[in-house]
Amino acid sequence: MTDVGERTFTAPTADTPMEQTSGSDRKRMALVASKGGLDEVFPVLIMATTAAALDWEVGIFCTFYGLDMINEKRMHKLKVSPIGNPAAPPPLKGREMGMPTFLGIIPGMTKMATWMMKGWMSDSKMPDFEEMMAICIDGGVKFYACATTMGVMNVKQEDIMKGATCLGAAAFLDFAADADLALFI
Amino acid sequence: MNDITTDQLLDCSGLLCPMPVVKTSQAIKTIEVGQVLEMVATDPGAPLDMEAWARQTGHPLLKQTAGDGEYRFWFRRTK
């Protein structure tokens, strides 16, 4: 498996989406990752790793807060917010915790929610974020950085994970137009 | 179907989606074409997931068993 300690991603250089289109009979999935919470990137990573395991071609367009998952300055510090989520916290070992959601605004609660979620994931033997990214990269999943988000949020090319390609909506739609499945997460 | 010989055993007990599928796809690449991979899982989603994996990848699911919360699958590598 690819070693994905801090800042050591070594993704293969992504081809241009246009070049990938021709001559392949593999199924293709196009994902738009628009959110940057640790709990919000996992559905993206589970779909991507699974599709890669099915021998599908996968491309993920990381846009707006979704860019955080390939921004080396932020990707290893993704958090879970307890604020604004009426489903949080989830039941702890099957028991409702009965915590009012407004308590989420107390300083330190985001850190605690993040720590708790990492604990639940680890107890369930789920790979952590870095391991899931490594499985994606080993499976040939391509990451695309939204050019507009980079401009709006002032993210530099050198901040983007090596191997990810910067492109705009037209180039991604060109890739997605030949996809068998496209999901917005 | 009782004469299936396991060439490699993969234990995915205790692992949740997507890991049984991910590990199976990694393991199938380590055996020779024609050989059989046996996989054990406890994830209740595994039976439908592994049927889908076999259908999508083309490595046939030769046999599956279930009992005591444990699911066993036998796949033949075809390519």
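Modeller: The mean pLDDT (the predictor's confidence in each residue, from 0 to 100) of chain A is 88, and 87% of its residues reach 70 or more. Over residues 16-22 of chain A, however, the pLDDT is below 50, and beyond near neighbours in sequence this stretch has ten contacts in the model, a contact being two residues whose C-beta atoms, placed from the backbone, lie within 7 Å. Where pLDDT is low, the predicted coordinates should not be read in detail. This is a predicted model, in which local features need pLDDT of at least 70 and side-chain atom pairs count only at pLDDT 80 or more, while totals for chains, interfaces and linings use all residues. Residues are numbered from 1 along each chain as its sequence is written, and chains are lettered from A and ligands numbered from 1 in the order in which they are written.

Biologist: In what order do the strands of the open sheet lie?

Modeller: Helices (H or I, at least four residues) and strands (E, at least two) are DSSP runs numbered from the N terminus, and two strands pair if DSSP finds at least two bridges between them. In chain A, five strands form an open sheet with parallel pairing, in the order E4-E3-E2-E1-E5; strands E4 (165-167) and E5 (181-184) of chain A are the edges, each pairing on one side only.

Biologist: What span should H2(A) have?

Modeller: At 1.5 Å times one less than its number of residues, the 16 residues of H2(A) should span 22 Å, which agrees with its end C-alpha atoms being 22 Å apart. Just after H2(A), A:Asp55 takes a positive phi of about 70°.

Biologist: Which strand does E1 of chain A join through four bridges?

Modeller: Strand E1 (residues 28-33) of chain A is joined in parallel to E5(A) by those four bridges, with A:Met29 standing opposite A:Leu181 in E5(A).
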